[in-house]
Amino acid sequence: MAAPCRKMASRSFSRLLCYFSSTAVGSGACRRFSVTPIDRATPLGSTAADRATSPWSLMAAVCLQRLPVISADCSPIEQRFKQMLQQMELEKSLVSDHELRLLEDAEKMSRRQAADYDSDEEDRGDQEIMMTQDLEDTWEQRLKNFHPAPRVRGQWRRGLVKVRKSLGVKSTRTSPVSLPYSCLADVDEDLSSAQRCLADSLVLLAEQQVGAEKLWLLPQAAWQEGETLRQTAERALDSVTAAGVKATFLGNAPCGVYKYKLPKAARTEGSVGRKVFFFKAILADGAPGSAPTAPLLWVKKSELQEYLKPAYMTKVDRFILNL
Amino acid sequence: MSSVVSRCIFGVLSRQAATSRLFLGECNPAVQSPWFSPVATLKTSAPLRAEPKKKKKVDPRRELMVRERLKKKLKKLERVPPEFIPIEDFITPAKCLDETRVRIPPTLSFEESESRALLLKEWSRYKQEQHMAEVEAIELALEAQKEALEELKMESEELYRAALTPDPLLLPFTHEGPAYTPPIPNYDAPDGKAIVGSSQHGHRVAAVLSGEAVRKAPGHRIKRMETQQYLSLQKKPGKQPVALQTFRILRLHRWQLPTHSD
């Protein structure tokens with residue numbers, strides 16, 4: 001009596017679950033997700049019993065993000081507001097030492113140029129020889145002597161090319177940063193480089209074999225006995241990237257899940273579908289040593305749609321923050 | 001009571017001393033030197049008089065009295081609440097109150113003030129939208145995590161418990177945030193100069209400058225040193241500067257020009 005009741009209860013419960021998940025994903029968009037309920041034994045129990053009865057095989061994936069390296073450009077309203085704020089602050093401020101000095105110097109100059117100027121009147125005891133304007137010039141010179149790395153890549157190279165073509169001579173500007181030509185241009189368009197789009201945060205995608213086909217997705221690996229899911233995610237990252245890549249995993253808890261059912265042909269006794277748990281990691285500073293083992297892509301959140309499957313995309317979109 | 005007794009004893013002593021002085025007469029000043037002891041005094045010095053040495057009793061008492069008086073004074077001083085060290089930043093320097101530095105506020109035209117007001121409103125709307133979008137994004141992420149944990153719980157209790165354990169190695173986590181320009185590869189930053197001083201109240205004040213002239217505030221003592229020396233000072237325990245005021249750090253770091261509006 002109790003057993004059939006429990007079965008019916010679990011069936012209706014799983015139906016309810018499927019209904020909820022199907023509404024969340026979108027009925028027409030999912031390719032592999034079917035609505036048939038799954039008959040399960042009691043959810044509580046030891047790991048061995050759990051894993052034995054559960055039809056889902058576990059996988060862990062890593063969502064590795066390269067955070068922005070430079071500050072983003074201001075949007076038009078931000079630009080206007082910034083200017084207005086600077087103007088208002090200038091109006092409310094007091095006159096600084098430097099400005100006072102400039103005013104004094106201007107006065108002195110005007111006095112000197114006046115007709116009735118007597119240089120003996122002026123007390124020249126301990127006056128500085130350096131005029132304020134000269135000071136400003138030295139400061140500007142020091143700033144110019146320093147060459148920061150270019151913020152906007154590609155344009156510098158194009159500018160150089162134009163100069164070289166027009167003059168027909170080597171450009172005299174020597175920069176302390178000697179980057180090869182190919183590195184400057186199209187860095188933003190080179191999807192496999194981690195140095196593209198320095199103002200945005202990028203996510204790592206790898207092309208992996210899933211079932212019969214190759215798909216672009218967050219690097220994942222199957223869970224093995226005796227390890228936690230986070231260790232599985234770390235293994236997935238190591239298998240896909242080069243050895244020198246350092247990433248900090250943010251905690252032991254997964255940030256998202258994507259579950260799908262295998263096509264009927266691939267289903268076995270033990271696994272009807274797969275659950276992929278995502279873990280977040282942040283790419284630490286450092287140049288990767290060797291080339292990666294699998295084809296990799298660094299994409300912005302807006303570009304994710306072109307590479308990921310729709311059902312997968314909706315789940316992954318939620319925890320990738322573009323803040 | 002003990003003070004009264006001691007005072008009586010003192011009185012007795014002084015009277016005895018007075019009487020002995022009368023006997024010694026004019027030779028009194030010479031009595032103190034051990035090399036010269038006139039015959040007259042020998043007869044009247046304390047050991048010959050066979051008087052018991054009362055100094056021994058009174059001296060410890062006298063010392064005790066002195067100590068007690070000092071302790072009372074200390075207690076009185078301690079009862080007074082300690083004076084607070086003034087926070088230098090909260091005191092408006094006299095330079096700012098100078099009248100010659102006041103700027104004449106310009107008169108704004110009607111259009112200008114209107115445009116400013118409208119821009120402020122637009123800005124507040126823009127910021128509000130930004131904030132709501134952020135809050136929404138965070139809520140979505142939290143929901144996704146909750147769902148993931150529920151699914152994991154359904155799968156296996158042990159893995160769920162492992163996921164809930166906090167990671168002790170994660171914090172403290174630091175990440176150098178976005179600067180205005182990207183880092184120059186293999187850049188060797190030149191060192192600046194460090195100036196370590198001590199303020200009137202005894203705590204240390206340090207400033208790291210690039211070698212520009214430093215004006216010494218009254219009551220401060222300054223000591224110039226190289227940046228490396230200053231950094232090594234910081235690592236020693238017990239020699240930490242209490243208040244650190246870093247002015248413009250012109251030490252050119254590989255992350256150039258921190259994000260600022262210009």
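This is a predicted model: local features need pLDDT of at least 70, side-chain atom pairs count only at pLDDT 80 or more; totals for chains, interfaces and linings use all residues.
Reader: OK, and what do Arg116(B) and Glu112(B) form with each other?

Author: Arg116(B) and Glu112(B) form a salt bridge, in which the closest N and O atoms are 3.2 Å apart.

Reader: Is Arg116(B) buried or exposed? And what about Glu112(B), what's its relative accessible area?

Author: Arg116(B) has a relative accessible area of 10%, so it counts as buried, whereas Glu112(B), with a relative accessible area of 33%, is partly exposed.

Reader: How many salt bridges turn up over all chains?

Author: A search of the whole structure gives 20 salt bridges over all chains.

Reader: Which residue of chain B does Lys275(A) form a salt bridge with?

Author: Lys275(A) forms one with Glu151(B), and the closest N and O atoms of that pair are 2.7 Å apart.

Reader: Which residues are linked with Lys275(A) and Glu151(B) in a network?

Author: Lys259(A) and Glu155(B) are linked with Lys275(A) and Glu151(B) in a network of salt bridges.

Reader: And what does Glu147(B) meet in a salt bridge?

Author: The side chain of Glu147(B) meets that of Lys315(A) in a salt bridge, with 2.9 Å from N to O. This pair also crosses between chains, since Lys315(A) sits in helix H9 (residues 310-319) of chain A and Glu147(B) in helix H5 of chain B. Lys315(A) counts as buried because its relative accessibility is 14%, whereas Glu147(B), with a relative accessible area of 23%, is partly exposed.

Reader: Let's zoom out. What does the secondary structure of chain B come to?

Author: Chain B has seven helices and four strands, and read from the N terminus its elements follow the order α-α-α-α-α-α-β-β-β-α-β. Of the 262 residues in chain B, 19% are buried, and the accessible surface of the chain comes to about 20,900 Å², with 60% of it belonging to carbon and sulfur atoms.

Reader: Which UniProt annotation covers residues 128-162 of chain B?

Author: The unreviewed UniProt entry annotates those residues of chain B as "coiled-coil region". In the model, residues 128-162 of chain B are 97% helix and 0% strand, and their end C-alpha atoms are 39 Å apart.

Reader: Switching to the surface: which residues form a nonpolar patch there?

Author: Leu250(A), Leu171(B) and Phe173(B) form that patch, and together they have about 270 Å² of accessible area. Leu250(A) is found in the loop of chain A between strand S5 (247-249) and strand S6 (256-261), and a relative accessible area of 33% makes Leu250(A) partly exposed.

Reader: Last one: where does Gln208(A) lie, and in which strand?

Author: Gln208(A) lies in strand S2 (residues 202-210) of chain A and is buried, with a relative accessible area of 13%. The side chain of Gln208(A) reaches the backbone nitrogen of Gln220(A) at 3.0 Å. Leaving aside neighbours within four places in sequence, Gln208(A) is in contact with several residues, including Leu215(A), Pro219(A) and Val240(A).

Key. Residues are numbered from 1 along each chain as its sequence is written. Chains are lettered from A and ligands numbered from 1 in the order in which they are written. Side-chain values use heavy atoms; hydrogens and water are left out. Patches are made of residues with over 30% relative accessible area and no salt bridge: like charges are joined within 9 Å, nonpolar side chains (Val, Leu, Ile, Met, Phe, Trp, Tyr) within 5 Å. Accessible areas come from the Shrake-Rupley method with a 1.4 Å probe; for residues, only the protein chains shown count as cover. A salt bridge is a side-chain nitrogen of Lys or Arg within 4 Å of a carboxyl oxygen of Asp or Glu. Helices (H or I, at least four residues) and strands (E, at least two) are DSSP runs, numbered from the N terminus. Buried means under 20% relative accessible area, exposed over 50%, partly exposed in between (1.4 Å probe, protein chains only). A polar contact is a pair of N or O atoms within 3.5 Å; within protein, one must be able to donate a hydrogen and the other to accept it, and residues adjacent in sequence count only if both atoms are side-chain atoms. Contact means heavy atoms within 4.5 Å. UniProt positions are given in the numbering used here, feature names are shortened, and annotations may be inferred rather than shown by experiment.
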